[in-house]
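Please look over the sequence and structure shown here before reading the notes below.

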Amino acid sequence: MDKQPAVVFRNVGQLYFPQTRVECHYSLTSEHGWSSSDWIGIFQMGWSSVKQYHTYTWALVPEGYTEGTSVNHCAVFRASYLPSPSAVEYQFVYVDKEGKVCARSRPFTFCAPKPLEELETLKEEQDEEDGEEEDLMLVIPRAQLLQSRLEQSLKKQAGLQRALDDAKKEAEAEKETSKRARLEWETERQAMKEEITELRDNLRQSCEMLKRLEEKHTDVRYSQEIQSSELRKLVAEKGESLQQVQDLRDEVKVLADREEQANMELQRLKERVKKMSSQMKHDEEKRKSLQVEVEASAAELHSLQEQLEASDHVAEGLRKELRDLSTQRNHTHAELHQVRLQVAQFTLQLSDQDLALREERATWALEREAYRHAAEVDKKKVQDLSCELQRKEEWLQEERTERDNLEAELGREKVLLSEAKRELQELKAALRKVQKGREQELLHKQDLVTCIRQLEMKLGIGEETDPNNTEVKRISPGSSSEKQDLAPSAAPRSASSSSSPEESSTSEIPAETLSQSEGDESPVDSQDEKSQLSKAQPGEGKQLILPELVNPVLSELADSPMW
């Protein structure tokens, strides 16, 4: 395909009359760089240099011309400068400012009109206008008639050219609008891609958050197992301590003061309530912080849904704009088909561009459907993840409630255990006090025994008790047989004798405390008591003194420390 010239001559005739002016019509394309030094000359055929012109005129352009656009114009040669009639052929030549030939027209000649061929009658036209047969006939030269017809055709051609220019402008405007729409579509597609990447990042973050929640759940489960094992140990210790406390309570019911214990328990309960309220406030703050995090994740999911809806609205607006563009294009296409054969090449180019635009729209529709499908899939994934996140949160809330219950129960058990330990310590202190009192009573009773011995010596009883003393010396102080002999002998005597307040208090102490106190008793005191008992056994008339000697031994054994 030949390259299209930058300048094209249009409507060049074969014959021109030198008595009238000659119009040269030409078109400047967008590839031609027009200058005010461009000119058009009439050259004789066979010319070899641009200086061999017969006459020339400047190549002008219409007002408002911008470089790089296509334009149509006309140059006029005056009749006085035209060559004389002859059979020599001439042609129009367009020369730019550099002296380069840009275009040549087809050859034509200048000839004088013949008298017979030059005249034309307008009888029929005159008859048609007036409606009379005998009117005067109008005779005009054929050149003038041809010139008038040529001017009419040139006017029609100029009108068609203007219509063609308007159509080209409209086509260029449509191209610009299509380019603008394409750029907008590209920007919107890029924005949708960015939104999709943001959605994917949010999905990735939500997955990481779920993983972190699962890790926290495993940690909570491990801590719950540890707390449950500690709780079991504490429950076992509590059972043992409760058993000990129960035994001690049964032993020391008379010695405890109920009112003081009630006041102390009330104070402990108040402190416990304060501690529990502070712990509940701390747990409530933790729960509120977790609730805020859950609400923030829900808000993020809601914003993602709103962004997806906004992208759907934008896509719908693009669809409407494309429909408007297609209707506008059809309208302009219908107008372009009304132009004559000179616009056929342009319509073919427009149809090719239209086909390319349709292909681009089809590809855009396919891409938009693909993006919409991907957005729906991502939306479903987000919904599934939100449901799973909600289930995890509910399950985590249940685990938290169970853990709170276990912690509360563990706190209660710890408090009870501390109370039991405290009561045990109080009981030990009370026992120590009682033991000190028993020791003082024992010392007092020993003083009484020494006084009784002195009285017996004064009364003359000491001589009878000398053999008994020798027998006592022969018996070992740690033998168990003497203890067994003393116990049954002391039982009826204690029953027959009147018991003192100290003896009644020792009878309330259980056998376990007595057995424990036997091992801790000092050997010196036990030997003295045994010697006193052995001295008192042979004398039958001394039964009134023996019960008083037996009870101090039992009280001394009872007052020995347990722990």
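The model is predicted, and its chain has a mean pLDDT of 76, with 74% of the residues reaching 70 or more. The secondary structure of the chain comes to eleven helices and eleven strands, and a search of the whole structure finds 17 salt bridges but zero disulfides.

**Confidence**
- Over residues 124–135 the pLDDT stays under 50, and the model has six contacts beyond four places in sequence for this stretch.
- Residues 462–527 also keep a pLDDT under 50, although the model has 67 contacts beyond four places in sequence for them.

**Overall build**
- Buried residues account for 29% of the 563 residues in the chain, while the accessible surface comes to about 37600 Å², of which 52% belongs to carbon and sulfur atoms.
- Of the contacts in the chain with a separation of 6 or more, 76% are between residues 24 or more positions apart.

**Salt bridges**
- Glu214 forms a salt bridge with Lys392, with the closest N and O atoms 3.6 Å apart; because Glu214 lies in helix H3 and Lys392 in helix H5 (residues 344–459), the pair ties together parts that are 178 residues apart in sequence.
- Within helix H3 (residues 142–251), Glu186 and Arg182 are four residues apart and so separated by about one helical turn, and their side chains meet in a salt bridge at 4.0 Å, N to O.
- Glu186 is partly exposed at 24% relative accessible area, as is Arg182 at 34%.
- In helix H4 (residues 258–336), Glu284 and Arg287 lie three residues apart, about one turn of the helix, and they form a salt bridge whose closest N and O atoms are 2.1 Å apart.
- Glu284 is partly exposed, with a relative accessible area of 31%, and Arg287 likewise counts as partly exposed at 33%.
- Salt bridges that share partners also join Arg182, Glu186, Arg189, Glu360 and Glu367 into one network.

**Cysteines**
- With zero disulfides found in the whole structure, the accessibility of individual cysteines can be read separately: Cys207 counts as partly exposed at 33%, and Cys387 is partly exposed with a relative accessible area of 38%.

**Nonpolar surface patch**
- Tyr53, Tyr56, Trp58 and Leu60 make a nonpolar surface patch of about 420 Å².
- Trp58 has its place in strand E5 (residues 53–58) and is partly exposed, with a relative accessible area of 44%.

Terms used:
Residues are numbered from 1 along each chain as its sequence is written. This is a predicted model: local features need pLDDT of at least 70, side-chain atom pairs count only at pLDDT 80 or more; totals for chains, interfaces and linings use all residues. Side-chain values use heavy atoms; hydrogens and water are left out. pLDDT is the predictor's confidence in each residue, from 0 to 100. Contact means heavy atoms within 4.5 Å. Patches are made of residues with over 30% relative accessible area and no salt bridge: like charges are joined within 9 Å, nonpolar side chains (Val, Leu, Ile, Met, Phe, Trp, Tyr) within 5 Å. Accessible areas come from the Shrake-Rupley method with a 1.4 Å probe; for residues, only the protein chains shown count as cover. Helices (H or I, at least four residues) and strands (E, at least two) are DSSP runs, numbered from the N terminus. Buried means under 20% relative accessible area, exposed over 50%, partly exposed in between (1.4 Å probe, protein chains only). A disulfide is a pair of cysteine sulfur atoms within 2.5 Å.
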